[in-house]
Amino acid sequence: MRTNLDFTPLFRSSIGFDRIFNMLENASRVTAIDNWPPYDIAKTGEDAYRITMAVAGFSRDQLTITHQPNLLVVRGSSGDDDGQYLYRGIAGPGFERRFELADHVKVVGASLDNGLLNIDLKRELPEEMKPRRIAIAGSTAKAAPRQIEAEKNAA
């Protein structure tokens with residue numbers, strides 16, 4: 001059973017959240033056959049993450065990692081489809097896995113070791129986006145209290 005959520009009431013009171021609503025809409029469209037290759041997402045630090053994908057049978061030359069704004073695409077293509085298989089349980093001819101990234105998440109590096117592809121990510125907020133303390137200015141120097149001049153009595 002598929003349920004589409006209507007985000008229209010939220011558009012009236014929110015500004016700039018369009019991308020979040022689009023991500024929620026896209027997440028509901030995930031197909032059931034989207035389970036290969038298996039992967040893990042781990043938080044390795046306060047603003048650091050690692051995606052580990054099991055890509056056994058693929059070499060470095062057969063893997064492509066593309067970082068677009070707010071999207072990471074990992075593709076694997078093997079040109080080996082020579083034989084006729086009675087059963088195929090090992091990696092198929094290729095795959096494409098997409099990961100939605102939050103704003104300001106950058107790919108730091110990638111490595112392939114023992115059939116595991118590790119992609120390191122880091123969230124780097126620009127300096128102008130970081131919280132900053134605003135100093136509160138005081139009023140100008142206080143004037144001395146006014147004194148009413150009394151008549152000078154001559155003695």
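Mentor: W36, F58 and F95 form one aromatic cluster. This is a predicted model, where local features need pLDDT of at least 70, side-chain atom pairs count only at pLDDT 80 or more, and totals for chains, interfaces and linings use all residues. Residues are numbered from 1 along each chain as its sequence is written, and side-chain values use heavy atoms, leaving out hydrogens and water.

Trainee: Nice! How many aromatic pairs are there in the whole structure?

Mentor: A search finds 4. Rings of Phe, Tyr and Trp (its six-membered ring) pair if their centres lie within 6.5 Å; planes under 30 degrees apart count as stacked, over 60 as edge-to-face and the rest as tilted. Y39 and F99 are edge-to-face, 5.1 Å centre to centre with 90 degrees between the planes.

Trainee: Where do Y39 and F99 lie?

Mentor: Y39 is in strand β1 (residues 39–43) and F99 in strand β5, so the pair ties together parts 60 residues apart in sequence. Strands (E, at least two residues) are DSSP runs, numbered from the N terminus, as are helices (H or I, at least four).

Trainee: And is F99 buried or exposed?

Mentor: F99 is buried, at 7% relative accessibility, while Y39 is partly exposed at 35%. Buried means under 20% relative accessible area, exposed over 50%, partly exposed in between (1.4 Å probe, protein chains only).

Trainee: Switching topic: which residues does V55 touch?

Mentor: Not counting residues up to four places away in sequence, V55 touches P37, L63, F95, L112, G115 and L117. Contact means heavy atoms within 4.5 Å.

Trainee: How many helices and strands in the protein chain?

Mentor: There are 2 helices and 7 strands.
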